[in-house]
Amino acid sequence: MTEINTKKFYNDMYLTNPTRWEPWDRPHHPFDINVMNTIYKLYMDKDCRIIDLGCGSGRTLKLLEKPFSETETNFYLHGVDYSEEAIKIAKKRLPDAWFYLDDMTDVMFGDCSFDVVLSVGSFEHQEILDF
């Protein structure tokens, strides 16, 4: 699929089925639980900047937001996706997070901008990159 067709596919998917990844209040897969537990253990008493590359409508970031609303820990949540429709949904569901409409393989953040970089269910959809 070309980049334009891929972008159209995801925009159409989020337009026609914006609640596809709900419910938002619990993990869907054991991988979600492992990712969250690892981040909680590493950053429970610290501020943490997290970015999700290919964040879609923000489901993974939403899962990370909930447990910390009652603690002293500050999680600064960021998401990157190139679907305008997915970003619109994510911004509504996570108004305190930052979202960027961009290609996850070509974002321009400085070194050490984030403590945790996630790409849950997205990286395998990218073309093979030559570094």
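Two strands are taken as paired if DSSP finds at least two bridges between them. In the predicted model described here, β1 and β2 run parallel and are joined by 6 bridges. Within this pairing, I51 stands opposite H78 of β2.

The pair belongs to an open sheet of 4 strands, in which the order is β3-β2-β1-β4 and the pairing is parallel. The edge positions are taken by β3 (98-101) and β4, each of which pairs on one side only. From one strand to the next, the twist averages 15°. Helix α4 packs on the sheet, where α4 touches β2 and β3. The direction of α4 makes about 170° with that of β3.

Along the sequence, the elements follow the pattern α-α-β-α-β-α-β-β, and the protein has 4 helices and 4 strands. Among contacts with a separation of 6 or more, 71% are between residues 24 or more positions apart. The protein comprises 131 residues, of which 39% count as buried.

The largest nonpolar core is made up of 21 residues. Those with the most contacts inside this core are I39, I50, L64, L77, F99 and L118. At least two core residues come from each of α2 (30-43), β1 (48-53), α3 (59-65), β2 (75-81), α4 (84-93) and β4 (116-118). Helix α2 gives the most, with 5 residues.

The surroundings of L77 illustrate the packing in this part of the model. When neighbours within four places in sequence are left aside, L77 is in contact with I50, L61, L64, E65, L94, A97 and W98. Of these partners, I50 and L64 are themselves listed with L77 among the residues having the most contacts inside the largest core. A further core of 5 residues lies apart from the largest one, and its members include L53, V80, M104 and F114.

Notes. Residues are numbered from 1 along each chain as its sequence is written. This is a predicted model: local features need pLDDT of at least 70, side-chain atom pairs count only at pLDDT 80 or more; totals for chains, interfaces and linings use all residues. Side-chain values use heavy atoms; hydrogens and water are left out. Buried means under 20% relative accessible area, exposed over 50%, partly exposed in between (1.4 Å probe, protein chains only). Contact means heavy atoms within 4.5 Å. A nonpolar core is a set of buried Ala, Val, Leu, Ile, Met, Phe, Trp, Tyr and Cys residues joined through side-chain atoms within 4.5 Å. Axes are lines fitted to C-alpha atoms, for helices over the stretch in contact, and angles run from 0 to 180 degrees between N-to-C directions.
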